[in-house]
Amino acid sequence: MTGADRVKVTPQGQPLTQYGVGGGKQVSDLMGPDVAIEWTGTKGTVSGNFPEVTEFTGFSENAEEQEGHYFAFELDEQYEGKKVTVIGAHQKTAQDRFWVIRLDELYNGSKKLTVKQENEVLFTLDFSGATLAEA
């Protein structure tokens, strides 16, 4: 099974209420229409433009995390009701298929994001080819 079988980039017009964040934002507020993932097995390379969001109060109660660059993705239906762990600048485990991550801290490190289920790596995304635009 490849990474493309496990995850997809959230479509542009999708409201983010289903993702546990809100503030009236849609995916098009977070990511350019050119955001895509090119796959080699379970390793994905992300390309495209990520605009700087200057007010995303629905993302976090932490004021520092309410602005920056964000990526929204949806895990395949086979992961419904299963715990997964997303590892980047931070690590979070949740029983959720819908994710929004903040890229800014990720860019201070490896620029990679790994998603695991228990001990199995489902996929790794490399953001080094993506552009984080300034407001």
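**Reading the interior**

Modeller: F56 is buried, and F59 is buried as well; buried means under 20% relative accessible area, exposed over 50%, and partly exposed in between (1.4 Å probe, protein chains only). This is a predicted model, in which local features need pLDDT of at least 70 and side-chain atom pairs count only at pLDDT 80 or more, while totals for chains, interfaces and linings use all residues. Residues are numbered from 1 along each chain as its sequence is written, and side-chain values use heavy atoms, with hydrogens and water left out.

Colleague: How is a pair of aromatic rings described?

Modeller: By the distance of the centres and the angle of the planes. Rings of Phe, Tyr and Trp (its six-membered ring) pair if their centres lie within 6.5 Å; planes under 30 degrees apart count as stacked, over 60 as edge-to-face and the rest as tilted. The whole structure holds 11 aromatic pairs. F56 and F59 make a tilted one, at 5.5 Å centre to centre and 35 degrees between the planes.

Colleague: What kind of aromatic pair do F73 and F123 form?

Modeller: That pair is edge-to-face, with 6.3 Å centre to centre and 85 degrees between the planes. The pair links distant parts of the chain, as F73 lies in strand β4 and F123 in strand β9, 50 residues apart. Strands (E, at least two residues) and helices (H or I, at least four) are DSSP runs, numbered from the N terminus. F73 and F123 are both buried. Ring pairs also link W39, F50, F71, F73, W99, F123 and F127 into a cluster.

Colleague: Which residues touch the most other members of the largest nonpolar core?

Modeller: A nonpolar core is a set of buried Ala, Val, Leu, Ile, Met, Phe, Trp, Tyr and Cys residues joined through side-chain atoms within 4.5 Å. Here the largest has 37 residues, and F71, F73, V100 and F127 touch the most other members. With five residues, β4 gives the most to this core.

Colleague: Where does β7 stand opposite F73?

Modeller: At W99. Two strands pair if DSSP finds at least two bridges between them; β4 and β7 run antiparallel and are joined by five bridges. Both faces of β7 are covered, with F98, V100 and R102 buried on one side and W99 and I101 on the other.

Colleague: Is D104 buried or exposed?

Modeller: D104 is buried, because its relative accessible area is 18%. D104 is found in the loop between β7 and β8, and its side chain reaches the backbone nitrogen of H69 at 2.7 Å.

Key:
A polar contact is a pair of N or O atoms within 3.5 Å; within protein, one must be able to donate a hydrogen and the other to accept it, and residues adjacent in sequence count only if both atoms are side-chain atoms.
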